[in-house]
Amino acid sequence: MNSGSKSEGERLLEIAEQQLQKRDLKGSRQLALIAQENEPLLEGSDQILAIIDVLEAAEKPLTTTASTTTNNRNNLDFYAILQVDHRDSQDLNLIKRQYRRLALLLHPDKNLFSFSHHTFDLVSHAWALLSDPAQKEIYDAGLGCAPGSFWTACPYCFHMYEYPGVYEGCCLRCQKCSRPFHGAAVNSMPEMVPDQEAYYCSWGSFPMGFVFESLENGGGSNQKPAAAVAVVPNRVAVPDGGSVKKKRGRPRKVAV
């Protein structure tokens, strides 16, 4: 039974390949899906489906300025080619996962079906553009995708910054201490101090060796206003007057 089912799946894939060569994408997709249902472990159906997905995406050209501003002369929708919704245009991890998945399925050394080389080139071109922050920003602007933003914090001086979403996960340089740090997004902003442009920061956020020289309430609270908001380059949280100094030797104990 297993052997017969597999033979039927292979026969369906052969017909799907013939339809693919004729650019009958709809017919080829239907046959590949039937072969996948008959024999889920049969290699080839997912490769044909990946080729069809990319070809169909490439056949739907853009009508925006994204084509001219990024040398996209064929008006290609690179998000559609990578099977990413425009609403997820700022999710760099998703874009990377989709590229890797399609690259594995479409690589000509492993995928011997028609148009594998062409679709692999399309996917590689899409990734080359969308993985470049400068080109992606221009492309998104022409496409009408909102760039978005995220907040991150310098782990050395604890200043907080707001950057465009394309820089999430990149190596950034602190405007205050000039040290490089990983631009990891802060999932939720700290509680703001009432009537002040400052936020509360828990003592647990500070590494050993950092102490405050002046405490407004004598150290009786486990929170202290730590920063104010300014505009650099989007927005940045900077100290509000209290100083944070790094001590050498054993850290001073602070009552909490």
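Contact here means heavy atoms within 4.5 Å. All views show a predicted model.

View 1. Beyond its neighbours within four places in sequence, Q98 is in contact with L82, Q83 and V84.

**View 2. Packing of helix α3 against helix α6**. Helix α3 spans residues 45-58, and helix α6 spans residues 92-106. Their axes are 9 Å apart, at an angle of about 120°. That angle makes α3 oblique to α6. The crossing is left-handed. From α3, the contact is made by D46, Q47, A50, I51 and V54. From α6, L102, L105 and L106 take part. By class, this contact has 6 nonpolar residues, 1 polar and 1 charged.

**View 3. Packing of helix α2 against helix α3**. Helix α2 covers residues 25-38. The axes of α2 and α3 come within 9 Å and cross at roughly 155°. Angles over 145 degrees count as roughly antiparallel, so α2 is roughly antiparallel to α3. Here too, the handedness is given: α2 passes α3 in a left-handed crossing. L25, S28, R29, A32, L33 and Q36 represent α2 in the contact. They meet S45, D46, I48, L49, I52, D53, L55 and E56 of α3. The contact of α2 with α3 has 7 nonpolar, 3 polar and 4 charged residues.

Key
Residues are numbered from 1 along each chain as its sequence is written. This is a predicted model: local features need pLDDT of at least 70, side-chain atom pairs count only at pLDDT 80 or more; totals for chains, interfaces and linings use all residues. Side-chain values use heavy atoms; hydrogens and water are left out. Axes are lines fitted to C-alpha atoms, for helices over the stretch in contact, and angles run from 0 to 180 degrees between N-to-C directions. Helices (H or I, at least four residues) and strands (E, at least two) are DSSP runs, numbered from the N terminus. Angles under 35 degrees count as roughly parallel, over 145 as roughly antiparallel, 65 to 115 as roughly perpendicular and the rest as oblique. A crossing is left-handed if the near helix is turned anticlockwise from the far one by less than a right angle, and right-handed if clockwise. Ala, Val, Leu, Ile, Met, Phe, Trp, Tyr, Cys and Pro count as nonpolar, Asp, Glu, Lys and Arg as charged, and the others, Gly among them, as polar.
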